[in-house]
Amino acid sequence: MIVRIMGEGQVKLADSHFTELNKLDDELLAEMEAGDQEGFRRTLGALLDAVRRLGEPLPDDALEPSELILPAEDATLDEVKQMLSDDGLIPG
């Protein structure tokens with residue numbers, strides 16, 4: 001799957017990594033619902049770090065359609081809320 005981190009670029013992630021990412025996504029969703037700003041910031045950073053660590057960066061000139069778009073690390077809680085689906089940021 002091709003994942004875009006807003007303001008950074010794209011990475012290619014194997015489907016096998018989504019179990020780990022979904023755990024972080026669930027934690028992020030719970031923190032957002034609780035209004036836990038500190039937890040939200042920490043978990044968003046951990047989620048994006050995991051995507052960077054597990055994914056293979058695509059060249060800047062690659063024109064691949066992104067199947068998943070994640071917020072920038074400095075996104076606010078309100079900005080991320082607008083990006084959410086019923087499943088959080090990551091479907092599944």
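Author: Before we start, contact here means heavy atoms within 4.5 Å. Also, this is a predicted model.

Reader: Got it. With that in mind, what does Glu31 touch, not counting residues up to four places away in sequence?

Author: Glu31 touches Asp36, Gly39, Phe40, Arg42 and Thr43.

Reader: And where does Glu31 sit?

Author: Glu31 is in helix H1, which covers residues 18–34.

Reader: Is Glu31 buried or exposed?

Author: Glu31 is buried, because its relative accessible area is 8% and buried means under 20%.

Reader: What does the side chain of Glu31 reach?

Author: The backbone nitrogen of Phe40, at 3.4 Å. Phe40 is also among the residues that Glu31 touches.

Reader: OK, zooming out. How many helices and strands are there in the protein?

Author: Three helices and four strands. From the N terminus on, they run β-β-α-α-β-β-α.

Reader: What order do the strands take in the sheet?

Author: The order is S3-S2-S1-S4, in an open sheet with mixed pairing. The edge strands are S3 (56–57) and S4 (68–70), and each pairs on one side only.

Reader: Which helix packs on the sheet?

Author: Helix H2, residues 37–54, packs there and touches S1, S2, S3 and S4. The direction of H2 makes about 135° with that of S1.

Reader: How do S1 and S2 run, and how many bridges join them?

Author: Strand S1 (residues 2–5) and S2 run antiparallel, and four bridges join them. In that pairing, Val3 of the protein stands opposite Val11 in S2.

Reader: Back to single residues. Gln10 is in strand S2, so to speak: is Gln10 buried or exposed?

Author: Gln10 is buried, with a relative accessible area of 6%. Strand S2, where Gln10 is found, spans residues 9–12.

Reader: What does the Gln10 side chain make a polar contact with?

Author: The side chain of Ser66, at 2.7 Å. Leaving aside neighbours within four places in sequence, Gln10 is in contact with a list of residues including Ile2, Val3, Arg4, Glu56, Pro57 and Ser66.

Reader: Now the inside. Which residues have the most contacts inside the largest nonpolar core?

Author: Val3, Leu13, Leu21, Val51, Leu70 and Ile90, in a core of 23 residues. The elements that give two or more residues to this core are S1, H1, H2, S4 and helix H3 (77–83).

Reader: Which element gives the most?

Author: H2 does, with seven residues.

Reader: Why would nonpolar side chains gather like that?

Author: In soluble globular proteins, nonpolar side chains tend to be buried together.

Reader: What is Val51 in contact with, leaving aside neighbours within four places in sequence?

Author: Val51 is in contact with Val3, Ile5, Val11, Leu13, Leu21 and Leu70.

Reader: Switching to loops: where does Gly55 lie?

Author: Gly55 lies in the loop between H2 and S3. Gly55 counts as buried, at 12% relative accessibility. Apart from neighbours within four places in sequence, Gly55 is in contact with Val11, Lys12, Leu13 and Ala50.

Reader: How far apart are the C-alpha atoms of Gly55 and Met1?

Author: They are separated by 9.5 Å, with the two residues 54 apart along the chain.

Notes. Residues are numbered from 1 along each chain as its sequence is written. This is a predicted model: local features need pLDDT of at least 70, side-chain atom pairs count only at pLDDT 80 or more; totals for chains, interfaces and linings use all residues. Side-chain values use heavy atoms; hydrogens and water are left out. Buried means under 20% relative accessible area, exposed over 50%, partly exposed in between (1.4 Å probe, protein chains only). A polar contact is a pair of N or O atoms within 3.5 Å; within protein, one must be able to donate a hydrogen and the other to accept it, and residues adjacent in sequence count only if both atoms are side-chain atoms. Two strands pair if DSSP finds at least two bridges between them. Axes are lines fitted to C-alpha atoms, for helices over the stretch in contact, and angles run from 0 to 180 degrees between N-to-C directions. A nonpolar core is a set of buried Ala, Val, Leu, Ile, Met, Phe, Trp, Tyr and Cys residues joined through side-chain atoms within 4.5 Å.
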